[in-house]
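Please read this briefing alongside the structure shown below, taking one topic at a time.

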Amino acid sequence: MFKFLKGVVGGSGTGIKDLPYNIGDPFPTSAWGSWTHHRGSSKDDGSPVSIFALSANSAQDAHLAAGRNGVKRLRTVRHPNILSFLHSTEVESSDGSTSRITIYMVTEPVIPLSEKIKELGLEGTQRDEYYAWGLHQIAKAVSFLNNDCKLVHGNVCLASIVVTPTLDWKLHAFDVLSEFDGNNATTNGPMLQYEWLVGAQYKPMELAKSDWATIRKSPPWAIDSWGLGCLIYELFSNMKLGKTEDLRNTASIPKSLLQDYQRLLSSMPSRRMNTAKLIENSEYFQNKLVDTIHFMEILTLKDSVEKDTFFRKLPNLAEQLPRQIVLKKLLPLLASALEFGSATATALTSLLKMGSWLSAEDFSVKLLPTIVKLFASNDRAIRVSLLQHIDQFGESLSAQVVDEQVYPHVSTGFSDTSAFLRELTLKSMLILAPKLSQRTISGSLLKYLSKLQVDEEPAIRTNTTILLGNIASHLNEGTRKRVLINAFTVRALRDTFSPARGAGVMALCATSSFYDINEIATRILPNVVVLTIDPDGDVRSKAFQAVDQFLQIVKQYYDKASVGDTTADVGISSIPGNASLLGWAMSSLTLKGKPSEQAPIASANSGTSQTFTMTSNASSVMDAPSTAPARVNSSTDLADQPVPVSPTSTDGWGEIENGVPEDHDSDKDGWDDIEPLEEPKPSPALANIQAAQKRPVSQPVSQSKPKVTNSRPKSTLKVAKDEDDDLWGSIAAPAPKTASKPLNVRSSAALDDDDPWAAIAAPPPTTKAKPLSAGRGRGAKPVAPKLGAQRINRTSSTGV
């Protein structure tokens, strides 16, 4: 029978080898009674634990019996403010002729309260608030034992309190714990079998006299209320209780607690305060720390309005609370509440503010796992809050976590119906994109950015251009060749939103080191020069700056080529003032007031800015901007220039579908190479009409006003194949919306009824010329000429 009970109390093992924990160094402060308190760790995962050991030389030692009682009681009594039991075993070892029996009890990792108080070193109000929180927890544990379980602890004191890593106070030392048998008033035997373990200074008068009859007639909390008074004295006097008479010294007791302290130590057991009432009535426990932690612990019972109000005040409140308690107690509670959905999105602000007080290592271990899980939340408010504060934790995320766990959830915001969320998602890529793999960038990110560059919100289009300029260095060479010039020239420079055009110019400047000399001369400069007559003054100034910069690059290249050095790198690094240009590309645009009042974008002090400030509200300052950039008919590339092959060409910048509206019948999108068509000779009928003109209409060299217009002429000049490539093709007039027949092109001198140059042509003669050929079209019979002046029907021979 004894072996069976021993197995129940001590566990299945019979030796120290069966203890699945490693025993570490003991704490310098001795534990309660004859126990020794050691640090320990699990053999399985290395998690920390506390190991309490009690040794005796004889199996009949009463300390062993009391120790077994304490192990059994701790195993069966569970409460948040009572030490958590994990494992126990009993080991018998022999040393020559003597044998030694040791009981090992393993619990959650804790530190003696006296040691923790010295470590924290709290003073003044913060010390009182922390003591109030700890006493509140111990009072709840004692109330649970006395009122709910009808148990008597017997020795509540400073030595019977331990502290967890989250700074919670927990009650242990259950060796004296016994049932309260107040119903057996006639029994004269001791109610507390091991009361001899309690020090005389901690015993109330009735227990010191072993007056068991009085004890049984007293309420269950009488003995432990006295012990709680002893604990209060030891806490505030900062010394161990030496004798019972010292309890009368109340100089160190806070005034708000003094009355309750005196009621706990009443000489009459029946008049001692119940610990449950101490929790409810004491003014001392009503402080910011206790209220804050209590609210967090019952957060699931609060409604949304109470939660929102609480979390909006929490950031300022946290600065007033003890820093160690905030980091070790409030922060884990807050992280858990967010992870399991009981906290609102406003709690994330408090979480990140508290997290900023952690070291980088602790932040990665304690907070990042929770933040990564929050990215999978379906709550849009949580997602918005994460993106708004991503600069506070983004750098701590590893590349693997970003690529595999964070980006798949963040990328859903690119196609969200909310423009605000789309823009926040775009801005977050400034931090996340450098951590993405090339496969993710080319296969996913660039597709989304291609669509955002034609977004209906002009602010999003502008910020997309800025982002591309920032992440250009993280693209592989083939992707840069295919994407950057097309994105900046074909789209950004032709956007109807002036800040978007300005962003395109500066992005080209900031990424000039990625372009070869032929791209600069044939694709970049022709597109930038046209912006020197842009209606917006800020765009014009940037265009002139860019033209000067790229011309200097070209000049430096040919200066070196003239001396035989053609291996020099071509890039912005050789241009003075490069820092401000690159710094601008890392900032954004802020527009205020009317379009005419737009101030130039400052670039002198933007080098340190790494964030976007453009918001969707910027679209309100422009008059009905187009949802897509104006399309240009041709953009001639050098077809003979080798372009590195990219791993993928599905990012959206090599095809037309993502870039320009689908209302054009032409197969060319303005980004790929085009073959110039040879100008055909005019038909005889058309030549006769031209000869009949009193004044031939010629196309002006350059009569356009310095104004960006969407007018689309019905004809374009085609150069012969033996001529050089047209360097100005990128700024040619846009293609017509109606399909044209490429193999039957009219002469540039042919005019129709909606001739764009009719406004400046000479007035028609008063006397109509007689047509030389009245018949028009194929297969039509000649019509006999009529007498008198006839009106010339100006239609082309093609019948269009």
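Cysteine 149 counts as partly exposed because its relative accessibility is 29%, where buried means under 20% relative accessible area, exposed means over 50% and partly exposed lies in between, using a 1.4 Å probe and protein chains only. The model is a predicted one, in which local features need pLDDT of at least 70 and side-chain atom pairs count only at pLDDT 80 or more, while totals for chains, interfaces and linings use all residues. Residues are numbered from 1 along each chain as its sequence is written, and side-chain values use heavy atoms, with hydrogens and water left out.

**Cysteines**
- A disulfide is a covalent bond between the sulfur atoms of two cysteines.
- When a disulfide is taken as a pair of cysteine sulfur atoms within 2.5 Å, the count comes to zero.
- The sulfur of cysteine 230 has its closest cysteine sulfur in cysteine 157, at 8.1 Å, which is too far for a bond.
- Cysteine 230 is buried, since its relative accessible area is 0%.

**Glutamate 108**
- Glutamate 108 is found in the loop between β5 (98-107) and β6 (111-112), where strands (E, at least two residues) and helices (H or I, at least four) are DSSP runs numbered from the N terminus.
- Because its relative accessibility is 17%, glutamate 108 counts as buried.
- The side chain of glutamate 108 makes a polar contact with the side chain of lysine 170 at 2.9 Å, and it also reaches the backbone nitrogen of serine 84 at 3.0 Å.
- A polar contact is a pair of N or O atoms within 3.5 Å; within protein, one must be able to donate a hydrogen and the other to accept it, and residues adjacent in sequence count only if both atoms are side-chain atoms.

**Helix α13**
- Seven of the nine residues of helix α13 (residues 347-355) are buried, so this helix is largely enclosed by the rest of the structure.
- The buried residues of α13 are Ala347, Leu348, Ser350, Leu351, Leu352, Met354 and Gly355.
- These buried residues pack against several helices, including α11 (304-320), α12 (323-339) and α14 (360-366), with contact meaning heavy atoms within 4.5 Å.
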